[in-house]
Amino acid sequence: MEEITQGVNNINLVADSLKKNRIQVSNTKKPLFFYVNLAKRYMQQHNEVELSALGMAIATVVTIAEILKNNGLAVEKKITTSTVDMKEDSRGRPVQKAKIEILLGKTENFDELMAASAEEREIVDGEVQG
């Protein structure tokens, strides 16, 4: 019995560690670059980030992933698509919504690129203040 309890606890720890670097993206609540910058921060802390979205927000997740990849900051590790059953508010009928999850990892030169962009910001800030 003790082995089963320990196994369940290990599963819970793994699930908790996976959710710390997960971003549920909305296409209406926050601007696009809020999520881009949040994803960068999560990659700095956890070496990878999982972007997920439902329905209309899928395009936003793909855009975020492409921005990070085109800037040389991220590499795709895994893409998962599925459908989720949801209740429609007005009639209570179940509706299927598309879901996407994209797992991105750091590139080898992620830290150098982030340091270079931080230096650029300092120089620009110095010129504006000076």
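Q: Quick one on Phe 34: what's its relative accessible area, and does that make it buried, partly exposed or exposed?
A: This is a predicted model, and in it Phe 34 has a relative accessible area of 36%, so it counts as partly exposed.

Q: And Tyr 35, buried or exposed?
A: Tyr 35 is buried, with a relative accessible area of 5%.

Q: How many aromatic pairs does the count come to?
A: One aromatic pair. Phe 34 and Tyr 35 make it up: their ring centres are 5.4 Å apart and the planes sit at 80 degrees, so the pair is edge-to-face.

Q: Why edge-to-face, what's the angle cut-off?
A: Planes over 60 degrees apart count as edge-to-face, and the planes of Phe 34 and Tyr 35 are at 80 degrees.

Q: Which charged end sits over the ring of Phe 34?
A: That of Lys 30, 4.9 Å from the ring centre.

Q: OK, helix 2. What span should it have, and how far apart are its end C-alpha atoms?
A: Helix 2 covers residues 32-46, which is 15 residues, so at 1.5 Å a residue it should span 21 Å. The end C-alpha atoms are 21 Å apart, which agrees.

Q: Which of its residues are buried?
A: In helix 2 the buried ones are Tyr 35, Val 36, Leu 38, Ala 39, Lys 40, Tyr 42 and Met 43.

Q: What follows helix 2?
A: Asn 47, and its phi is positive, near 70 degrees.

Q: Switching to Asn 21. Where does that one lie?
A: In the loop between helix 1 (2-19) and strand 1 (22-24).

Q: Buried or exposed?
A: Asn 21 is buried, at a relative accessible area of 5%.

Q: What does it touch, leaving out residues up to four places away in sequence?
A: Asn 21 touches Tyr 42, His 46, Glu 48, Val 49 and Glu 50. As for Glu 48, its backbone oxygen lies 3.0 Å from a polar atom of the Asn 21 side chain.

Q: Zooming out, what pattern does the chain follow?
A: Along the sequence it reads α-β-α-β-α-β-β-α, with four helices and four strands in total.

Q: What share of the residues counts as buried?
A: 28% of the 130 residues. The accessible surface of the chain is about 9,200 Å², and carbon and sulfur atoms account for 52% of that.

Q: And what share of contacts comes from residues 24 or more positions apart?
A: Among contacts with a separation of 6 or more, 68% are between residues 24 or more positions apart.

Key. Residues numbered from 1 in each chain as written. Heavy atoms only, no water. Helix = DSSP H or I, 4+ residues; strand = E, 2+ residues; numbered from the N terminus. Buried < 20%, exposed > 50% of the residue type's maximum accessible area, 1.4 Å probe, protein only. Contact = heavy atoms within 4.5 Å. Areas by Shrake-Rupley, 256 points an atom, 1.4 Å probe, with all protein chains shown as cover. Expected span 1.5 Å × (residues − 1). Polar contact = N/O pair within 3.5 Å; in protein donor to acceptor, adjacent residues only side chain to side chain. Phe/Tyr/Trp six-rings, centres within 6.5 Å; stacked < 30°, edge-to-face > 60°. Lys NZ or Arg CZ within 6 Å of the ring centre and 35° of its normal.
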